[in-house]
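Subject: A structure for you to look at

Dear colleague,

I am handing over a structure to you with this message, and below it you will find my notes on what was found. Please keep the structure open while you read, so that you can look up each residue as it is named.

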Amino acid sequence: MQRLREKLQQANQRLQRHYPQPTLSWQQRGTTAGSAWLQRWEIRLNPVLLMENRQAFVDEVVPHELAHLLVWKYFGRVAPHGKEWKWMMEHVLEVPAGRTHRFDVAAVQGRQFPYACRCQQHQLSVRRHNRVLRGESEYRCRNCGELLHSGEFSSAENG
């Protein structure tokens, strides 16, 4: 809460605004560290990841989510991690603009399903795996661009 108040006060001074303190909730689950609920003016944080990564969480996740709220109020609806968000992080909140955390998620990670492409093995969450089974989604490798298929990766296929 202290970090949230400090960064909000800093933003209000630099933006010459008076945004109220957002509601803080501990209801974020899964491997997501935090999320910003724009219309509710609320930040949801993952209590397990906070307990396991206290200082990094406070230094990175709290400002990250606050920046989403501030960008929404200041600029309106824009790309979630676009130039406005990056500006808010770096120039207003003075925090490096990292899009994702690097916390160990073993304690919060659910069951994983093996998928593969031509270059590597991937692990899909239960939710993504079920979307594939229902034909609702397809996933591609960010490295080679190939469509992921269920099963184990074999380096012999890569030959």
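Predicted model: local features only at pLDDT ≥ 70, side-chain atom pairs only at ≥ 80, totals over all residues.

Is Leu-124 buried or exposed? Its relative accessible area is 6%, and since anything under 20% counts as buried, Leu-124 is buried. Leaving aside residues up to four places away in sequence, Leu-124 touches Arg-111, Gln-112, Phe-113, Tyr-115, His-129, Val-132, Tyr-139 and Leu-148. Pro-114 is 10 residues from Leu-124 in sequence, and in space the two are 6.5 Å apart, counted from C-alpha to C-alpha.

The next topic is the aromatic rings. A pair of aromatic rings is described by two values, the distance of the centres and the angle of the planes. The structure holds 4 aromatic pairs, and one of them joins Tyr-19 and Trp-41, whose ring centres are 6.1 Å apart and whose planes lie at 45 degrees, so that the pair is tilted. This pair links distant parts of the chain, as Tyr-19 is in the loop between helix 1 and strand 1 (23-25), while Trp-41, 22 residues away, is in the loop between strand 2 (34-37) and strand 3 (42-45). Both Tyr-19 and Trp-41 are buried.

In another pair, the rings of Tyr-74 and Phe-75 have their centres 4.9 Å apart and their planes at 80 degrees, and the pair is therefore edge-to-face. Tyr-74 is partly exposed, with a relative accessible area of 30%, and Phe-75 is also partly exposed, with a value of 37%. Together with Trp-87, these two residues form one aromatic cluster.

Charged side chains also meet rings here: the charged end of Arg-44 sits over the ring of Trp-37, 3.7 Å from its centre, and the charged end of Lys-73 sits over the ring of Trp-41, 5.3 Å from its centre.

Finally, how do helix 1 and helix 4 cross? The axes of helix 1 (residues 2-15) and helix 4 (residues 83-92) come within 11 Å and cross at roughly 100 degrees, and the two helices are therefore roughly perpendicular to each other. On the side of helix 1, Gln-10, Ala-11, Arg-14 and Leu-15 take part, and they meet Trp-87, Met-88, His-91 and Val-92 of helix 4. Sorted by class, this contact has 5 nonpolar, 2 polar and 1 charged residues.

Terms used
Residues numbered from 1 in each chain as written. Heavy atoms only, no water. Axes fitted to C-alpha atoms, helices over the stretch in contact; angles between N-to-C directions. Helix = DSSP H or I, 4+ residues; strand = E, 2+ residues; numbered from the N terminus. Parallel < 35°, antiparallel > 145°, perpendicular 65-115°, else oblique. Contact = heavy atoms within 4.5 Å. Nonpolar A, V, L, I, M, F, W, Y, C, P; charged D, E, K, R; others polar. Phe/Tyr/Trp six-rings, centres within 6.5 Å; stacked < 30°, edge-to-face > 60°. Buried < 20%, exposed > 50% of the residue type's maximum accessible area, 1.4 Å probe, protein only. Lys NZ or Arg CZ within 6 Å of the ring centre and 35° of its normal.
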